[in-house]
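Please look over the sequence and the structure shown here before reading the report that follows.

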Amino acid sequence: MKDSVEKILHTIKSKSIALKNAAEIFKDLDEKERKEMIDLMKSTSKELADLIKELE
Amino acid sequence: MKKLSILVVEDDKLSQKIILKNLDGHKVDTADNYSKSSEYIKKNNYDICFIDLVLGKNDNFSGLRVLEEAKKKNIYSVIISGSGNDEIIGKSYSLGADDYYLKGNENKVITEVIKRFLNYKKIETDREKIFSEEFITKDEETKKTIITALKSASHDAPIMILGPTGTGKTTLAKLIHKYSHRDGNFVDINCSAYNEELIETELFGYVKGAFTGASENKNGKLKEADNGTLFMDEIGTMSLEMQKKLLKAIEEKSFYPVGANKKEKSDFRLISATLEDPLKLIKENQLRTDFYSRINTITIYLKPLRQRINDIFALIESFTKDKRKLYFSKEATNFLLTYDWPENVRELKSMIDYLVLNSKGNIDIDILKYFFKTKQKQPINIEDMLSHSKEKGLDNFLDELAYKIMKKSLELNENKPTKMLKELKISTRRYYSLLKKFENYEG
């Protein structure tokens, strides 16, 4: 149990960092890249929400 | 920049995208699990492999297995992980990871890694040239030391070089600067040549009016080394108060020039050197512990020449490269190989310069003995004086030397100037001009 919670927390941390990194470079992207990035940010946010639910 | 072949092992699509964005212009493959990574590594010849350790929701650090595969093919492997667990970090390094970073700064880290990788490659390519032209040695242990030093050249961490006089500390510091890819200058200073006040103005510079004679602003060595390297030799001779000031400047990357009320910024990389044992200096209260901890992130030790006798004839060959060749008799050769070389490479160089000028090319034991006998009578090494004169200007160096001789004579004459003036046969005018220059004397 403890091990699986740790794995979830690890993934939450990784995905949050990825979102932060994406926000940092977002301004420097062209229009096409921004669209791709927004899609990835949305799916990552959804995955994050699902992971947080798993913690409940 | 050379186009590199890179494998990115990362299961998270967004993280993958960010890494790829930072690798524009290179040939990049991506893999999101162990088996795909392993297949790619087997099929391709990558320069660099970026590896996330946890690949998938319930994965148990399969990135470590990817690392093993990558190292089997000698690929420069960099871990970028969300895990800061010491055990995992230790395991990664023991499996051969070249770098380990925590996720969060990929935009900066990737540029740094590429820079470091290219530096490693350049060192490997230049290896033969380095040891035959720039730091001449045939000694395997010394070669290993130099390579370690050069591999850390692209880091910003301070380096401390230890070793007896004449072992090549300045040469190594220059070499580290060359491989650091820092755009600024290599600036060196021998701390033992300055008294307390002078070293402060030399290091930090001063502003107009800071003291008598300060007719204009002058940058110090710290500012001159901005974006470059500051090499401080004989650092243990600096006062504890100066060490404290320098420590602050290193930590804040800024400092006040003497007499200024506005800070100057300088991003310099510090390389320091001492021929004494730093721990002994700490014990004797000549070196601050906090200062020492800050300046010796990386410590390099250069062996004395007597412990690398294979280098003696390699060095002789290099010193006589464009000069007349010398032939050493068996007895002379034995002497060179068993001599203690207290001044190390510098002494060998000085001997060769003498022999080139004063021998007929056939070197026997008598001429060597004559050289060492006459050398002992020379109070100061001319090479050292030339180097100081180049650094400070001949007039400044001679003034400084005269000042030091004058102080020593004063000390030996119960601080009585009249006795000193008589002993050194110098005028009162000269005495006061040196006092004014080095002690701001206003008499």
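How many positive and negative side chains does chain B have, and how far apart do the centres of the two sets lie? Chain B has 75 positive and 68 negative side chains, with the two centres 2 Å apart, where Lys and Arg count as positive, Asp and Glu as negative, and His and the chain ends are not counted; the place of a charge is taken as NZ of Lys, CZ of Arg, CG of Asp or CD of Glu.

This is a predicted model, in which local features need pLDDT of at least 70 and side-chain atom pairs count only at pLDDT 80 or more, while totals for chains, interfaces and linings use all residues. Residues are numbered from 1 along each chain as its sequence is written, chains are lettered from A and ligands numbered from 1 in the order in which they are written, and side-chain values use heavy atoms, leaving out hydrogens and water.

Of the 443 residues of chain B, 49% count as buried, meaning under 20% relative accessible area with a 1.4 Å probe, protein chains only. The C-alpha trace of chain B spans about 90 × 65 × 40 Å along its principal axes.

Chain B holds 20 helices and 14 strands, which are DSSP runs of at least four residues (H or I) and at least two (E), respectively, numbered from the N terminus. Five of the strands form an open, parallel sheet in the order E2-E1-E3-E4-E5, and its edge strands, listed below, each pair on one side only; pairing requires at least two DSSP bridges.

| Edge strand (chain B) | Residues |
|---|---|
| E2 | 27-31 |
| E5 | 99-102 |

Strand E4 (residues 76-81) of chain B pairs with E5(B) over four bridges in the parallel sense, and B:Val78 has B:Asp99 in E5(B) as its bridge partner.

Technical notes: Buried means under 20% relative accessible area, exposed over 50%, partly exposed in between (1.4 Å probe, protein chains only).
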